[in-house]
Amino acid sequence: QVLDLGEANDILYLVMEWVDGDSLSKLSRAVRRRGAEIPVGVVLRVLADICGGLHAAHEVRGDDGEVLGVVHRDVSPQNILVNTKGIAKLIDFGVVKARGRVGGETGVGQLKGKIHYMAPEQALGRSIDRRADVWSIAAVAYHLLAGIPVYDGENELATLHLLTSGAEPPPLPASVPPALARIVLGALRADPDRRSPGSAVEMQRALERVMLETGHATSVDDVASFARPYLVERAELRKK
């Protein structure tokens, strides 16, 4: 959240809220270093909450009341923060696409974002909409659940080729509940018109529903209880 902006001594400044936590990517690495895994319920709670934030961004309207067509374009574990209270925050709207945006080219033909979490149509430089962000959420979920990115070549070019080839994603591990696997793989369809769930709010509802159906109901407090031991050391170093 932006709290303030202004100018002092000819220097522009921007004040944003302080998130006492760390990125989902760093949390995941810290968990793996201890030989553990992020529980399915924690993955679901964090990503469902991020979907809520994404939906709010997708629904932003201009002064004329029309939807601005905001697309984040860089949803990734690096841009998802989890604080010590278990609340997830989506950050870095720096490459966002929006109708009438001032200050940068947001048109087609530019490759912006991280390839491992980039929708095929985005990688191909085609016109994109909110469904590209849904693909990215599913790609983050796949990586957290499978331990590897959905498409992962020997280098970026090989990964890009796999991503844009139209090949079906590899199956998720048998340990992933089938109902959850269907949601993730459905949102990873290459054709945006066949992608289901097709919006962030639909994805949020699907993830919250599967939490209950599979016995992985998880609250923000549960996320905090799991994440805090992994976050506290880095948080203390920052305070010092």
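**Briefing: a helix, a loop and a helix pair**

Ser-25 has its place in helix H1, which spans residues 24–33; helices (H or I, at least four residues) and strands (E, at least two) are DSSP runs numbered from the N terminus. The model is a predicted one, in which local features need pLDDT of at least 70 and side-chain atom pairs count only at pLDDT 80 or more, while totals for chains, interfaces and linings use all residues. Residues are numbered from 1 along each chain as its sequence is written, and side-chain values use heavy atoms, with hydrogens and water left out.

- Ser-25 is buried, with a relative accessible area of 9%, where buried means under 20% relative accessible area, exposed over 50% and partly exposed in between (1.4 Å probe, protein chains only).
- The side chains of Ser-25 and Ser-23 are joined by a polar contact of 2.9 Å, that is, a pair of N or O atoms within 3.5 Å, of which, within protein, one must be able to donate a hydrogen and the other to accept it, and residues adjacent in sequence count only if both atoms are side-chain atoms.
- Leaving aside residues up to four places away in sequence, Ser-25 touches Pro-77 and Gln-78, contact meaning heavy atoms within 4.5 Å.
- The buried residues in H1 include Leu-24, Leu-27 and Val-31, and what covers the buried residues of H1 includes strand E3 (21–23), helix H2 (40–58) and helix H8 (220–239).

- Glu-37 lies in the loop between H1 and H2 and, at 69% relative accessibility, counts as exposed.
- Not counting residues up to four places away in sequence, Glu-37 touches Val-31 and Phe-226.
- The C-alpha atoms of Glu-37 and Ala-132 are separated by 27 Å, the two residues being 95 apart along the chain.

**Packing of H6 and H7**

- Helix H6 (residues 178–187) packs with helix H7 (residues 200–213) at an angle of about 165°, their axes being 9 Å apart; axes are lines fitted to C-alpha atoms, for helices over the stretch in contact, and angles run from 0 to 180 degrees between N-to-C directions.
- H6 is therefore roughly antiparallel to H7, since angles over 145 degrees count as roughly antiparallel, under 35 as roughly parallel, 65 to 115 as roughly perpendicular and the rest as oblique.
- The contact is made by Ala-179, Leu-180, Ile-183 and Ala-187 of H6 together with Met-203, Ala-206, Leu-207, Val-210 and Glu-213 of H7.
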